[in-house]
Amino acid sequence: MGRHARVDKQGRGRAGVAVTAALALGVGIAPAALAETAPSPSPQRVGEAPRVPKGAVRAAEPADGQALELSVVLQPRDGAGLKRFIAEVSDPASPHYKQYLKTGEFAGRFGADPKTVAKVRGELREEGLTVGELGPDGLSLSVRTTIGKAAKAFRTEFDGYRLADGRAGVTNTRAPLLGGDIAPSVRAVVGLNTLATYEPRHTGSRKVALSKARTERAKAAEAPTTGTTGVAGRLTGKTPATCSWLTDDLAGSGLKDTRDYWTPRSLATAYGMVDQSNVQTGTTVGVFALEGFRAADMAEYQACHGTKVPISTVKVHGGPTITPRGGYGLETALDVQTIIGLAPQAKVVVYQGPDAQNATWAQGVDVYRKMVNDNRVKVISTSWGSCELNTPREVMDAENLIFQQAAAQGQTVTAASGDSGSNGCYFGDLDTPNAKELSTDDPASQPYVLAVGGTRMTGAGGTSESVWNNDSGAGGGGVSQHFTLDAATGYQAQVKGTGYDGRCEASAGRACRQVPDVAGLGDPDTGYLVSYDDSWYFMGGTSGASPLWAALIAQANQSLACAANGPVGFAHPALYRLPSSAFRDVTRGDNAFAPAGGGHSLFQAGAGYDLATGLGSPQGRQIISGLCKAVPRSGAATFHPLAPKRILDTRYGIGRSGTKAVAGKTAVRLKVTGAGGVPSTGVTSVVMNVTVASATGAGHLTAYPSGTTRPDSSNLNWLKNEIVPNLVTVPVGKNGSVEMFSWSNGTVHIIADVSGYFSNEAGGATFNPTGPSRILDTRAAIGRSSKSPVAGRSLIKMKVAGAGGVPSSGARAVVLNVTATAPKSGGHLIAYPGRTSRPTASNINWSAGQTRPNQVVLPIGSDGTVNLYNAGYGSVHFVADVFGYYADSANGSSFRTAGPSRLLDTRYALGTSGARPLKGGTKLALNLDDGHSLSKAKAVVLNVTITQPSSGGFLTVWPDGRSLPNASNLNWVKGQTVANLVTVPVINGKVAFRANAGQVHVIADLFGYYE
């Protein structure tokens, strides 16, 4: 035994020893008191004794003072409820489909009970351990201690070992012992075992021999293929082509694309992922790493492919310190560059733990925990793993809760299934008994992780594809011995790969988790082209297949369908329901890796699901179509109009404590439910007129639901000292609040007047798109008997019932675009229903000589009118265009919240064929046809912004397929940036934009649609 034994011979915990001591010392305790005291539950060991990897040899005993960093993982307060929640939000047939938890909500919903946390914290501290704060997940307590203190606290011993690859570490010899009152509340204690950690799953890297002189001449002469300026490469949907100087040089060496390697464009073409159309703002993909990478390698790859994908890092436990050279950093280069090449619209964040040579299991788990707690990335790709036989059980149990949280938040996790076929422990454990044992890889075998196997593929379009299995490795797969699914309702209930029988020892009613789920290119002999260490390499492994599928999920998330309905999230339930045509069925080969003593083809590929390639490799567009299908109709909402009511005014402390202006780069959180007539529950979105005033610098405002990641969209733009309003329709966060973030270097005051809300409750009105139709123009005597302007401090009563497509009766509210023009002095508009008192709310603010538009949603007065009041002292002309109305009619359209997400940005070729401004007099048609929700929408709600106009002008937005109407949505002067909310009917899956003069850039952000 090791010299760190700290447990009494009976294995009793601290509580039992204390009682015995008290009796022995003769402490005065009355017999009656003893009879009333319930005995403490017996101490329990949590988890199982660690498995020392075969081939490891005993090393020096660890010193008592050696530091340990632990993570005590608690049980969720409602583990069964958590699994039910995941099932509901991941089931396309559920009314709760894609209603994910927002950032920070997991702890309150499923984190450990506060009393439980206090009890566990208290006992750990009594044992002499230093306990940190509870993690954001509400499930993890960080603990700092030493070998000696941990041995005493957990009643175990520690031994030192050296692994076959030279790494040294320590491990506990027994599972940790905890008091019986807290043991059931603890899922795992991670960090007592520091032997090894996750390993990269790439293989077969081959440096490419290039002709230096020829290459340098070609590079100097050739410009990048696409996206040479700005961030065009990130926002365009076009798959990049590889620079010809590189492919020509490779061809000169007899190396051919689709035979010896795959360029991104060839691979995307084979897998149906090429040239994605109608993408919205790029999603963000997170990459797990226990190593660094060279920025120069990424820059070289992007220069060759003409992309400009933003790559950032988040360091965990200090991150890596070793310089990426000599093969180190190759894994991250492969992962990131695969995503760049296949999803050039995405952003990439690399979460970096300490270098694998020095990292512990606990630190690796913390990297996953950070990726999920941040909820910054909606796709997580990991190409690091460990065979189940060599992975501590407490590590897998801790991961399982992390990945459940990811599923609840709508994050998709993809993982490499391993590179040694069915013999998952072969690599990294050579010439030991484990090398010949069948094992799946962790975390690929996790039930909430998409496990990706490997294939060999050649021929243009991927005409030949089989299981990857040769001297370089084989795609991992098989039957997990740790994780199970419900045999009747689990997503794999209807599949069973050849070789499953006889390998599963699950209890009654359960089935073993089968790996992989899907597959993709893995063979390094037909592998990926990677820039690394001032050269180029061919690489492979399921390390390439995992980011390939992560890129596909990223494409799905940035499609219009997923933009409208929510990210893919936990994909398995939907994925296993897709028709077989959504996959390229791989039917040839097996993954019995011969160098590991194979020859037994347990896991043979075949028709349908198999344990070598899962469901198969992707038919990309069909996968996206299936994973982004519309949510059930029951989620649609109807409109409840309200008389305008002020619920926020930072100048006077309304809706916010204090009267300080909002600082730049900060948000105002506004509770909208229960305010201004908005009910406390059942609200999906709120309609407000938001105004900024007293700006000390230029900026713009982004409104979005609380608890979600701040989007790239904008709602208002202003210059110093401007007063700018805009109508905002914004989804409401689950806490009933919305965020209004000021992107400014100065301060600004924010005012919000609520005019209605959308709800799933009964009693609301449906939308009926019409027009655009002009029903008022005081300059031309439209809707008024004369051409005279509206005098200061006076109003115009405008009949809307029976005008511009609004019925003469039955309409409850009207959607107008109102423009104020030619004002003689500064002022503002107050729009309100006829036969009601004038409120203090405002809709448009202007200065003398300015033209200002704004969308207005108003209840219609009992007399069929609305009032437009000129609150200025000078006269002004008003113009009003009808875009639709709300009524109780069952024939109208209900509203779905979506986004905010960017659909059009002419600056960066988003939604257009090129990065160029819209010329006056020409039409730009934005295609909304995603095959699902937006293609069937009756109208869309867009926040439209124009910027960098070369002259004054106005913009008209209307349903494509109709004649250009006499209406306008935005007006501007040269150099101005202006935004306005637009509700526009959709006729043939498109909406049209036209500027009347000059040239101008146009941006459109989606906030919802009517179906």
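**Notes on the predicted model**

1. Eight bridges join strand 50 (residues 939–947) to strand 53, and the two run antiparallel. Strands are DSSP runs of E, at least two residues long, helices are runs of H or I of at least four, and both are numbered from the N terminus; two strands pair if DSSP finds at least two bridges between them.

2. Residues are numbered from 1 along each chain as its sequence is written, and side-chain values use heavy atoms, with hydrogens and water left out.

3. Back to strand 53 (residues 978–985): eight of its eight residues are buried (under 20% relative accessible area; exposed is over 50%, partly exposed in between, with a 1.4 Å probe and protein chains only). Val 978, Asn 980, Val 982 and Val 984 cover one side, with Ala 979, Leu 981, Thr 983 and Pro 985 on the other.

4. Helix 15 (residues 542–557) is another hidden piece: 16 of its 16 residues are buried, so it is largely enclosed by the rest of the structure. It reaches 23 Å from first C-alpha to last, close to the 22 Å expected at 1.5 Å a residue (that is, 1.5 Å times one less than the number of residues).

5. Have a look at Gly 874, in the loop between strand 45 (865–870) and strand 46 (877–887). Gly 874 is buried, at 11% relative accessible area. Beyond its neighbours within four places in sequence, it is in contact (heavy atoms within 4.5 Å) with Val 790, Ala 791, Gly 792, Lys 824 and Ser 825.

6. The structure holds 38 salt bridges, each a side-chain nitrogen of Lys or Arg within 4 Å of a carboxyl oxygen of Asp or Glu. In one of them, Arg 669 and Glu 739 meet at 2.4 Å, N to O. Arg 669 sits in strand 32 (residues 666–671) and Glu 739 in strand 37 (residues 737–744), so the pair ties together parts 70 residues apart in sequence. Arg 669 is exposed at 52% relative accessibility, whereas Glu 739 is buried at 6%.

7. Arg 896 and Glu 1011 also meet in a salt bridge (3.0 Å, N to O). Arg 896 is buried, with a relative accessible area of 5%, and Glu 1011 is partly exposed at 23%.

Definitions and conventions: This is a predicted model: local features need pLDDT of at least 70, side-chain atom pairs count only at pLDDT 80 or more; totals for chains, interfaces and linings use all residues.
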